[in-house]
Amino acid sequence: PVLKRRRLEVLPFYGVTLNDTLIRHHAVGLELNYFLTEVLSVGVQGIYYLDSVLDQEFYTRYHFSRVPSLNRYRYTVTGNWSYVPIYGKFTLFNDRIAHYDLFATAGVGVSGSEIIARDYRYEPFSNPPGLTFPVGLGGRLFVNRFLAVQAVFRCYIMLDRFEPAQRGVSDPGRSEVATAKDNTRTDIVNNMIFNIGVSVFFPTGFRRATFR
């Protein structure tokens with residue numbers, strides 16, 4: 001009932017991180033996907049993050065005498081492809097037929113983060129963009145020919161830099177922040193995000209070239 005080939009999907013969405021117990025990120029973003037076929041699309045995605053440090057971070061300091069290394073994410077920009085292997089339908093209250101599809105997606109891009117200083121006397125600083133590889137599974141529930149509700153679980157595999165353990169010792173003739181930037185440690189972070197948004201397909205209508 002819904003043809004996607006040669007149509008552009010515009011998807012504003014909201015997301016929230018799932019797997020970090022010390023800091024939570026809320027994500028707002030926009031995704032554009034162009035369907036090369038009925039099942040294959042290429043696109044771009046941009047995300048802006050809003051963060052909040054959770055109470056568990058304070059309890060970790062207080063109860064265990066450990067100061068965690070935390071980063072706040074600022075943005076993510078990726079190029080993606082998606083493949084739709086499953087399409088189906090079901091009835092609502094034995095009255096209306098609802099159509100859906102399930103898809104897999106992957107891509108590559110960059111993310112920007114900012115270090116949260118463990119000692120509040122030190123300045124936070126931004127990291128250079130780090131490579132990001134998103135992979136995920138999602139689905140669309142079609143409302144009509146051009147509108148759908150979409151939900152996606154994505155894991156953003158990110159190369160991120162963290163504050164050095166011995167921060168506070170600066171090299172001769174250099175600032176403390178510059179020395180800290182040079183001594184950051186790189187680690188792989190799996191940032192799990194659940195997104196939900198509204199897909200709008202353009203053009204909003206289509207004409208069938210063969211019999212349905």
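How much space lies in the second largest cavity? About 40 Å³ of space lies there. The structure is a predicted model, in which local features need pLDDT of at least 70 and side-chain atom pairs count only at pLDDT 80 or more, while totals for chains, interfaces and linings use all residues. Residues are numbered from 1 along each chain as its sequence is written, and side-chain values use heavy atoms, with hydrogens and water left out.

A cavity is a set of points, on a 1 Å grid over the protein atoms alone, where a 1.4 Å probe fits but cannot get out; a pocket is an open set with protein on both sides within 12 Å along at least five of seven lines, and lining residues have an atom within 4 Å of a point. Grid points are joined across faces, edges and corners, and a volume is the space filled by probe spheres set on the points. The structure holds 2 cavities of 30 Å³ or more. The second largest cavity is lined by Tyr73, Ser111, Gly112, Ser113, Gly130, Leu131, Thr132, Met158, Leu159 and Asp160. Two or more of the lining residues come from each of β5, β7 and β8; helices (H or I, at least four residues) and strands (E, at least two) are DSSP runs, numbered from the N terminus. By class, this lining has 4 nonpolar, 5 polar and 1 charged residues. Here Ala, Val, Leu, Ile, Met, Phe, Trp, Tyr, Cys and Pro count as nonpolar, Asp, Glu, Lys and Arg as charged, and the others, Gly among them, as polar.

The largest cavity has a volume of about 50 Å³. Its lining consists of Glu9, Glu31, Asn33, Asn80, Ser82, Phe103, Thr105, Arg140, Gln150 and Arg154. The elements that give two or more residues to this lining are β2 (23–35), β4, β5 and β8 (147–162). The lining of the largest cavity has 1 nonpolar, 5 polar and 4 charged residues. The largest pocket holds about 260 Å³ of space. It is lined by 12 residues, of which Leu3, Arg5, Glu38, Arg207 and Ala209 are the closest to its centre. Its lining has 4 nonpolar, 1 polar and 7 charged residues.

Charged residues also pair with one another. The structure holds 14 salt bridges, a salt bridge being a side-chain nitrogen of Lys or Arg within 4 Å of a carboxyl oxygen of Asp or Glu. Asp51 and Arg72 form one of them, with the closest N and O atoms 3.2 Å apart. Asp51 lies in strand β3 (residues 40–53) and Arg72 in strand β4 (residues 70–92), so the pair ties together parts that are 21 residues apart in sequence. Arg72 is buried, with a relative accessible area of 17%, whereas Asp51 is partly exposed at 23%; buried means under 20% relative accessible area, exposed over 50%, and partly exposed in between (1.4 Å probe, protein chains only).

Arg72 also forms a salt bridge with Glu114, the closest N and O atoms being 2.9 Å apart. This pair links distant parts of the chain, with Glu114 in strand β5 (residues 96–116) and Arg72 in strand β4, 42 residues apart. Glu114 is buried, with a relative accessible area of 16%. In a further salt bridge, Asp101 pairs with Arg140, and the closest N and O atoms are 3.3 Å apart. Asp101 lies in strand β5 and Arg140 in strand β7 (residues 130–142), 39 residues apart. Both Asp101 and Arg140 are buried. A network of salt bridges links Lys4, Glu9, Asp101 and Arg140.

The largest nonpolar core is made up of 11 residues: Leu11, Phe13, Ala27, Ile47, Tyr49, Tyr73, Tyr156, Met158, Phe162, Val189 and Ile193. A nonpolar core is a set of buried Ala, Val, Leu, Ile, Met, Phe, Trp, Tyr and Cys residues joined through side-chain atoms within 4.5 Å. The elements that give two or more residues to this core are β1 (8–17), β3, β8 and β9 (185–202), and the largest share, 3 residues, comes from β8.

Arg6 is in the segment before β1 and is exposed, with a relative accessible area of 55%. Phe93 is in the loop between β4 and β5 and is exposed at 83% relative accessibility. The peptide bond from Phe202 to Pro203 is cis, with omega near -5 degrees.
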